[in-house]
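Hi there,

Here is the structure I promised to pass along. Have a look at it first, and my notes follow below.

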Amino acid sequence: MVKHDDYITPKYAWENIKSYIPQDKVIWEAFYGNGNSGNHLKDMGFKVIHEEIDFFNKDTTPEYDIIVSNPPFSKSKQIMKRLKEINKPFILILPSSKINTSYFREYKNSGLQIIIPRKRFIGIHFEKIVDGEKLTNWKNNSNFDCFYYCWKMNLENDITWID
Ligand SMILES: C[S@@+](CC[C@H](N)C(=O)[O-])C[C@H]1O[C@@H](n2cnc3c(N)ncnc32)[C@H](O)[C@@H]1O
């Protein structure tokens, strides 16, 4: 089965939230894609680990402070479980509909916060890659809107609306 997990994050999706990411922390962009996402974060001045490492392999988890990433959506259940075990801060781009899942409910009352982008920023401009190829016949208006799901980031507000 073809996995439609390769949505590549445009730079402005990280620029949107730059002010919420501490500059002095080591970021792990844990899901590789084509490598661009980590480069965008580096260009913005962050210290970034962005390598082709299996996120679920405990033996290769790097030393880091915050995960900032756009993960494969089809693995979000396993990813959210693993992140709870790791118990470190994260900012993840995921579809807004995920908030209704049972595995997100596991984060109830644990300080989960969300940043809500303007519709025109996220959910419409991801570049989609299938089996290493950029899709040319794929409409850019994807059928999901996204939030930045934040945990242990100590944001001022539980819901932050980006202007
Ligand atoms: C939605 S894409 C986003 C890629 C990149 N983070 C970005 O923002 O452009 C998710 C990527 O996760 C990667 N991935 C899938 N399973 C993974 C795993 N177990 N460990 C690490 N990366 C994985 C794939 O390379 C896939 O392209």
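**What I found**

A backbone N or O atom of glycine 33 lies 3.2 Å from an oxygen atom of the ligand. Please keep in mind that this is a predicted model.

For glutamate 29, a polar side-chain atom is 2.7 Å from a ligand nitrogen. For isoleucine 53, a backbone N or O atom is 3.5 Å from a nitrogen atom of the ligand.

Now for the surroundings. The ligand takes up the space of the largest pocket, and 20 residues surround the ligand. Asp6, Thr9, Glu29, Phe31 and Lys75 are the closest of them. By residue type, the shell around the ligand splits into ten nonpolar, five polar and five charged residues.

I also looked at salt bridges, counting a side-chain nitrogen of Lys or Arg within 4 Å of a carboxyl oxygen of Asp or Glu. By that rule there are three salt bridges. One of them pairs lysine 11 with aspartate 43, with the closest N and O atoms 3.8 Å apart. Lysine 11 belongs to helix H1 (residues 11–15) and aspartate 43 to helix H2 (residues 36–43), so this pair ties together parts that are 32 residues apart in sequence.

Best wishes

Key
Residues are numbered from 1 along each chain as its sequence is written. This is a predicted model: local features need pLDDT of at least 70, side-chain atom pairs count only at pLDDT 80 or more; totals for chains, interfaces and linings use all residues. Side-chain values use heavy atoms; hydrogens and water are left out. A residue is near a molecule or strand if one of its heavy atoms lies within 4 Å of it. A polar contact is a pair of N or O atoms within 3.5 Å; within protein, one must be able to donate a hydrogen and the other to accept it, and residues adjacent in sequence count only if both atoms are side-chain atoms. On a 1 Å grid over the protein atoms alone, a cavity is a set of points where a 1.4 Å probe fits but cannot get out, and a pocket is an open set with protein on both sides within 12 Å along at least five of seven lines; lining residues have an atom within 4 Å of a point. A molecule sits in a cavity or pocket if more than half of its atoms lie within 2 Å of its grid points. Ala, Val, Leu, Ile, Met, Phe, Trp, Tyr, Cys and Pro count as nonpolar, Asp, Glu, Lys and Arg as charged, and the others, Gly among them, as polar. Helices (H or I, at least four residues) and strands (E, at least two) are DSSP runs, numbered from the N terminus.
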